[in-house]
Amino acid sequence: MMAEGDKQAMLSGIKVIDMTSVVFGPYATQILADHGADVVKIETPTGDVFRHSAKPARSRGMAPGFIALNRGKDSLVLDLKDPDEADALRGLIEEADVFIHNVREEAITRLGFDYQSVKALNPDIIYVHCVGFGSDGPYAGLQAYDDVIQAASGAASLLPRVDGNQRPRYLPSLIADKVAGLHAAYATLAAIVHRLRTGEGQHVEVPMFEAFTSFMMKEHLGGHTFDPPNGPAGYSRQVDPNRQPFETRDGWISIVPYVPQHFPLVIGLLGDEAMAAEERWQDIHAILAAGPELYTRIAELTREKTTTRCVEILREANIPCMPVADLDAIIDDPHLRETGFFEASEHPSEGPLFQMREPSRYSAWPRGVRGYAPKLGEEG
């Protein structure tokens with residue numbers, strides 16, 4: 001029987017040639033690498049542009065975002081305009097299980113690595129193309145970045161629905177890139193399972209616009225679900241201006257009275273027992289109609305107590321709540337510290353740093369951080 005520490009990662013033996021850059025594709029291949037796939041990152045002589053994405057970095061070409069998205073991969077520098085170096089990539093593809101890239105169709109065809117050309121080298125290859133927009137629509141071939149997709153998907157219109165400021169705004173996260181990366185990871189895994197069952201490789205297209213729109217509109221399609229629509233788009237609970245963190249005496253707290261009867265309960269727990277006992281709260285429809293009034297009263301009551309005291313009171317009654325944490329404090333979160341989510345490690349060139357472990361847990365495979373992000377042209 002294999003010892004616990006000797007168990008192979010679940011994607012061990014899967015060879016991935018990764019010609020993606022920035023966030024969308026690298027996030028997908030990061031997930032594959034974390035689960036044991038052998039990922040070779042193909043880079044131009046100047047490297048993935050995300051190597052230089054932000055400060056602070058300890059050395060040139062090793063920005064924090066790049067480190068977070070490329071651990072456990074090898075970096076191979078190839079200039080595909082050079083025939084010999086293009087042949088080197090062809091040799092790698094012949095032995096690979098997956099070839100994934102985010103080069104636009106015209107450019108990848110000019111380089112000689114479109115699907116038909118790659119399939120001729122390796123008939124069973126899983127060819128994953130990360131694109132901005134689906135190839136069968138009028139936006140096909142357009143460049144796509146996170147901001148562009150947030151604008152096109154309607155995501156930039158969400159904050160105006162909440163606060164009344166009509167200026168469209170981006171959500172301050174590379175959320176479209178990362179959501180599309182998750183889609184690319186599971187699409188690749190589905191194709192791997194299909195090939196294991198049938199022996200058949202295939203072309204897989206993962207369009208960022210469609211992936212993120214699907215993600216956003218699960219709840220926000222709203223009344224447009226029906227034909228004709230019976231209401232506006234948008235999930236009212238998410239765009240409610242009153243459903244925001246509440247100020248306390250020394251900070252902020254998130255309180256979620258998800259069950260309608262919890263609204264008066266929370267008000268009573270926080271100190272206004274008279275309002276909580278009013279007869280009208282026996283009618284669930286009255287509670288729902290009084291949402292702004294109830295949120296306002298909760299906001300008044302939380303200001304009278306510290307965040308810690310509010311948490312103590314509400315958790316005792318099993319009301320979902322959490323203090324609002326600042327980004328700078330997340331690395332010291334006690335739960336994440338206890339679970340080992342941020343793992344201290346030593347990078348060969350960057351020195352001591354923290355990496356985030358693969359969050360899923362598997363009984364058949366001990367999880368852990370695999371390797372580190374490579375410098376340009378180095379193994380990871």
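1. A residue is called buried when its relative accessible area is under 20%. By that rule, 39% of the 380 residues in this chain are buried. Please keep in mind as you look around that this is a predicted model.

2. Here is the overall picture. The chain contains 15 helices and 11 strands, and its C-alpha trace spans about 80 × 55 × 45 Å along the principal axes. Take the contacts between residues at least 6 apart in sequence: 66% of them join residues at least 24 apart.

3. H3 covers residues 83-94, which makes 12 residues. From first C-alpha to last it reaches 17 Å, close to the expected 16 Å. At its start, a side-chain oxygen of Asp-82 comes to within 2.8 Å of the backbone nitrogen of Asp-84.

4. Which residues of H3 are buried? They are Ala-86, Leu-89 and Ile-93. These residues lie on the same side of H3, because they cover an arc of only 55° around the axis. Their packing partners are strand E1 (15-19), strand E2 (38-43), strand E4 (98-101) and helix H5 (115-121).

5. Now find Ser-75, which sits in strand E3 (residues 73-77). Is Ser-75 buried or exposed? Its relative accessibility is 6%, so Ser-75 counts as buried. The side chain of Ser-75 reaches the backbone nitrogen of Gly-377 at 2.8 Å. Leaving aside residues up to four places away in sequence, Ser-75 touches several residues, including Lys-41, Glu-43 and Arg-51, as well as Pro-374, Lys-375 and Leu-376.

6. Next comes a sheet of three strands. It is open, with the order E7-E8-E9 and antiparallel pairing. Strand E7 (246-247) and strand E9 (321-323) are the edge strands, each pairing on one side only. Strand E8 (residues 252-255) is joined to E9 by three bridges, and Ile-253 has Pro-323 in E9 as its bridge partner. Helix H14 (residues 307-316) lies across E8 and E9, and runs at about 165° to E9.

7. Strand E10 (residues 342-347) pairs with strand E11 (residues 351-356) in the antiparallel sense, over six bridges. Ala-344 has Phe-354 in E11 as its bridge partner. As background, side chains in a regular strand alternate between the two faces of the sheet.

8. Some backbone details deserve a look too. Most residues other than glycine have a negative phi, and most peptide bonds are trans. Where does Val-22 lie? Val-22 is in the loop between E1 and helix H1 (24-34), and its phi is near 70°, a positive value. With 23% relative accessibility, Val-22 counts as partly exposed.

9. Asn-318 also has a positive phi, near 60°. Asn-318 belongs to the loop between H14 and E9. Its relative accessible area is 65%, so Asn-318 is exposed, given that the cut-off for exposed is over 50%.

10. Finally, check the peptide bond between Asp-227 and Pro-228. This bond is cis, with omega about 0°.

Notes
Residues numbered from 1 in each chain as written. Heavy atoms only, no water. Helix = DSSP H or I, 4+ residues; strand = E, 2+ residues; numbered from the N terminus. Expected span 1.5 Å × (residues − 1). Buried < 20%, exposed > 50% of the residue type's maximum accessible area, 1.4 Å probe, protein only. Arc of directions from axis to C-beta. Contact = heavy atoms within 4.5 Å. Polar contact = N/O pair within 3.5 Å; in protein donor to acceptor, adjacent residues only side chain to side chain. Pairing = 2+ DSSP bridges. Axes fitted to C-alpha atoms, helices over the stretch in contact; angles between N-to-C directions.
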